[in-house]
Amino acid sequence: MATTRSVQAKGYLLYRRFSESSDKGWFRSLFVHKVDARKDAHSNLLSKKETSNLYKIQFHDVKPECLEAYNSLEAEVQKRLHEDQDYPCEVVGSWNTWYGEQDQAVHLWRYRGGYPALTDCLQKLRANKEYLEFRKERAKMLLSRRNELLLEFSFWNEPLPRQGPNFYEMRTYYLKPGTMIEWGNRWARAIKHRQENNEAVGGFFTQIGQLYVVHHLWAYESLQSREETRNSAWRKEGWDVNVYYTVPLLQSMESRIMIPTKSSPLQ
């Protein structure tokens with residue numbers, strides 16, 4: 001009996017040593033060129049250095065009977081802002097949710113020039129009587145609204161206009177505080193597994209609003225294409241490891257399937 005226990009104990013110790021060394025090997029290999037969280041704020045470490053873009057995302061819950069009128073009104077105002085060079089902002093995309101929160105409009109804006117551009121734009125809009133009238137008219141159509149200010153991850157593509165027809169998925173991740181650096185390090189490697197079908201549109205993290213929130217935006221030709229694209233990622237070496245290590249960083253997550261509006265640059 002003593003001999004059996006001794007053999008079992010030695011076997012367990014060997015297993016622990018192998019397991020620990022193996023785990024450390026995986027860990028080190030996945031974090032080559034990692035971002036060091038101790039050197040700067042995660043917003044500076046993870047965002048693009050070559051641009052100073054700031055993004056705003058708006059979520060508008062629209063009265064069901066007003067959605068069509070809301071889309072028309074919003075498209076008219078967006079067009080005017082696009083054409084007026086005095087306003088340093090542009091619409092990246094506008095959508096209505098298909099699956100997820102119903103009767104919801106989502107708008108993604110870009111401010112080239114960061115916070116100064118945002119401030120300049122807001123000051124000009126507050127002095128624009130037509131825009132103030134638009135806000136009053138729009139308010140009659142809404143049940144609620146909220147927005148967030150975002151930065152884009154350095155390892156994601158900048159969202160650019162694309163031809164349709166596509167539908168879009170916005171996957172929103174609510175991270176545990178303090179985990180943004182690790183999330184970025186993992187996804188800097190994981191994103192290479194999701195480029196084959198040009199489905200990666202943009203990746204963002206919040207600066208103002210609910211913090212430690214990440215939004216990933218994907219484009220697909222169909223729900224079937226989405227399923228096939230996502231399944232193919234699991235057949236690529238390394239994808240499963242990145243998923244394994246990012247899941248513990250999450251508090252919760254959600255998915256929206258969205259249809260672009262007629263005026264959206266992302267079709």
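User: In which sense do E5 and E8 pair, and over how many bridges?

Analyst: Strands of a sheet pair through backbone hydrogen bonds, either parallel or antiparallel. In this predicted model, E5 and E8 pair in the antiparallel sense, over 8 bridges. Within this pairing, Glu169 stands opposite Ile257 in E8.

User: Which residues does strand E8 span, and how does E8 pair with E2?

Analyst: Strand E8 covers residues 250-260, and its pairing with E2 is antiparallel over 4 bridges. Here Asn96 stands opposite Ile259 in E8. E2 also pairs with E3, again in the antiparallel sense, over 6 bridges. Glu90 faces Arg110 of E3 as its opposite residue.

User: What does the protein chain as a whole contain in helices and strands?

Analyst: The protein chain has 8 helices and 8 strands. Of its 267 residues, 45% are buried. A further reading concerns contacts between residues at least 6 apart in sequence: 82% of these join residues at least 24 apart.

User: Where is Trp156 placed, and is Trp156 buried or exposed?

Analyst: Trp156 is placed in the loop between E4 and E5. The reading of burial rests on a cut-off, under 20% relative accessible area. Trp156 has a relative accessible area of 3%, and therefore counts as buried. Trp156 also illustrates a separation in sequence set beside a distance in space: Trp156 and Val201 are 45 residues apart in sequence, with 7.8 Å between their C-alpha atoms.

User: Which peptide bond is cis, and what is its omega?

Analyst: The angle to inspect is omega. The bond from Gly164 to Pro165 is cis, with omega near 5 degrees. Pro165 is found in the loop between strand E4 (142-152) and strand E5 (167-175).

User: How should I read a positive phi at Asp103, which is not a glycine?

Analyst: Asp103 has a positive phi of about 55 degrees. Asp103 belongs to the loop between strand E2 (90-99) and strand E3 (104-112). Its relative accessible area is 25%, so Asp103 is partly exposed.

User: What is the phi of Asn198, and where does Asn198 lie?

Analyst: Asn198 is a residue other than glycine with a positive phi, near 55 degrees. Asn198 lies in the loop between helix H6 (180-190) and strand E6 (200-208). Its relative accessibility is 47%, so Asn198 counts as partly exposed.

User: Finally, which residues make the nonpolar surface patch?

Analyst: Trp98, Tyr99, Leu223 and Ile259 make a nonpolar surface patch of about 370 Å². Trp98 is placed in strand E2, and at 36% relative accessibility Trp98 counts as partly exposed. For the protein chain overall, the accessible surface comes to about 15,100 Å², of which 52% belongs to carbon and sulfur atoms.

Conventions. Residues are numbered from 1 along each chain as its sequence is written. This is a predicted model: local features need pLDDT of at least 70, side-chain atom pairs count only at pLDDT 80 or more; totals for chains, interfaces and linings use all residues. Side-chain values use heavy atoms; hydrogens and water are left out. Helices (H or I, at least four residues) and strands (E, at least two) are DSSP runs, numbered from the N terminus. Buried means under 20% relative accessible area, exposed over 50%, partly exposed in between (1.4 Å probe, protein chains only). Patches are made of residues with over 30% relative accessible area and no salt bridge: like charges are joined within 9 Å, nonpolar side chains (Val, Leu, Ile, Met, Phe, Trp, Tyr) within 5 Å. Accessible areas come from the Shrake-Rupley method with a 1.4 Å probe; for residues, only the protein chains shown count as cover. A salt bridge is a side-chain nitrogen of Lys or Arg within 4 Å of a carboxyl oxygen of Asp or Glu. Contact means heavy atoms within 4.5 Å. Two strands pair if DSSP finds at least two bridges between them.
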